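User: I would like to learn how to read the features of a model one at a time. Please give the general idea, then the case here.

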Amino acid sequence: MREKSYAIIGCQHAHIEIFIAEMQELGYTCKGIYEPDNKQLAGTIAEKYGIPLTEDKLNLLDDETVQIIGCAAINSEKIDVIELCEQYGKHVMADKPVVTSEDGLKRLTEVIERGKIQVGMLLTERFHPAIYTVKQAIDQGELGEIVSVTMRKPHKLNASLRPDWFFDKQLCGGIVIDLFVHDFDLLRWFTGKEISRIEGYAGKSILPEHPSFYNTAAVQVLMEDGNVMQLYADWHMPQKSWTWGDGRIFITGTKGAAELRLAGDPAISADQSLLFATTHAEEWRQVAIIQPPVSISEDFLNRLGLSSKHKAKAFAASTASTAIITHDVIWQACRHTIEADQAVQYMMQEMKEGVQA
């Protein structure tokens, strides 16, 4: 029986732990982590999961037992890793965003069209229990036709803990590409409609020493049916907040409305997500959260035909595709973030003194 193994090339963000933890649970062995620069993070993760560090990524790529490469490289460099993995016939699961520019999107498109490998992206929001639950309600018609979606995602900045590349738009992608990639995906998923037009603003009022770093963004998204959706993000979550990011989603349909408090609410429960809903037939109530039948990593394995779990096969059989996250889902999310980045107006404001970063 072939050994079930994978490896990591690029460990610049702790998001890669999502993939590592899920793959470990699925019985896969990580053959090594290659990270040339962020030795501290790579070392911490390696120690936590008992994974060897390596100074030679080619050793991982040459290993015939390694079927998948996980990647959390610097955002602008992920496409380089994807193209390298394609040369070695290794599938890739990358942290978001996988591309940060129009050129990167073109290169990703070419990889997908060549069809030599499968590319995954950690669009983890689709597998968030509260979001999965509200999607089930939407699909069952409980909210009617969706006419409005508003998403808010303030984040803690913790500037002193961030690597230099994070503040460089060419390397990171910036607030629109980095934070809205999930939201553009969810808009299409919730509504079943395509995005027609995007416009908005990004603001800069802090950290003059990082001229390409913007700290707020707000966009309006026109869907093909004429409904307008709102997205907002910032890097101003207070340090004393109970969470790194108070993500909230408000969904309005012709039959009802729902509110998701993804980080909970300290007045109710600060350690679990909350979902509330009301319809023409039912009063405002808290809705029980449903766990998705598969994880994002298992969904990727299912796409590769490598998942042997009964629940994964049963879940795939109930969908039109063999996976939730497909190449088209990833490409569309990347395309719209690049379009949004080009469409928004970047506004330089007077630098605020005393703003905690």
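This is a predicted model: local features need pLDDT of at least 70, side-chain atom pairs count only at pLDDT 80 or more; totals for chains, interfaces and linings use all residues.

User: In what order do the 6 strands of the open sheet lie?

Analyst: Strands (E, at least two residues) and helices (H or I, at least four) are DSSP runs, numbered from the N terminus. Two strands pair if DSSP finds at least two bridges between them. Here the order is β3-β2-β1-β4-β5-β6, with parallel pairing. The edges are β3 and β6 (119–121), each of which pairs on one side only. Between β4 and β5 there are 4 bridges in the parallel sense. Gly70 has Met93 of β5 as its bridge partner.

User: Which strands does helix α4 touch?

Analyst: Contact means heavy atoms within 4.5 Å. Axes are lines fitted to C-alpha atoms, for helices over the stretch in contact, and angles run from 0 to 180 degrees between N-to-C directions. Helix α4 (residues 78–88) packs on the sheet and touches β1, β4, β5 and β6. The direction of α4 makes about 170 degrees with that of β4.

User: Which residues of helix α1 are buried?

Analyst: Buried means under 20% relative accessible area, exposed over 50%, and partly exposed in between (1.4 Å probe, protein chains only). In α1 (residues 16–25) the buried residues are Ile16, Glu17, Phe19, Ile20, Glu22 and Met23. They pack against β1 (5–11), α2, β4 (66–72), β5 (91–94) and α9 (296–304). After α1 comes Gly27, with a positive phi near 90 degrees.

User: Is Ile51 buried or exposed?

Analyst: Ile51 counts as buried because its relative accessibility is 8%. Ile51 sits in the loop between α2 (39–49) and β3 (53–54). Beyond its neighbours within four places in sequence, Ile51 contacts Ile20, Cys30, Gly32, Ile33 and Ala46. Its C-alpha atom is 9.8 Å from that of Ile8, 43 residues apart along the chain.

User: How do α6 and α8 lie relative to each other?

Analyst: Angles under 35 degrees count as roughly parallel, over 145 as roughly antiparallel, 65 to 115 as roughly perpendicular and the rest as oblique. The axes of α6 (residues 129–139) and α8 (residues 174–191) come within 9 Å and cross at roughly 30 degrees. The two helices, α6 and α8, are therefore roughly parallel. Ile131, Val134, Lys135 and Ile138 of α6 meet Leu186, Trp189 and Phe190 of α8.

User: How many aromatic pairs does the structure hold?

Analyst: Rings of Phe, Tyr and Trp (its six-membered ring) pair if their centres lie within 6.5 Å; planes under 30 degrees apart count as stacked, over 60 as edge-to-face and the rest as tilted. The structure holds 9 such pairs. One of them, Phe167 with Phe213, is edge-to-face, at 5.3 Å centre to centre and 65 degrees between the planes. Phe167 is in the loop between β7 and α7 and Phe213 in the loop between β8 and β9, 46 residues apart. Both Phe167 and Phe213 are buried.

User: Why is the pair of Tyr214 and Tyr346 edge-to-face?

Analyst: The pair of Tyr214 and Tyr346 is edge-to-face because the planes are at 80 degrees, with ring centres 4.8 Å apart. Tyr214 lies in the loop between β8 and β9 and Tyr346 in strand β15 (residues 345–348), so the pair ties together parts that are 132 residues apart in sequence. Tyr214 is buried at 12%, whereas Tyr346 is partly exposed at 25%.

Technical notes
Residues are numbered from 1 along each chain as its sequence is written. Side-chain values use heavy atoms; hydrogens and water are left out.
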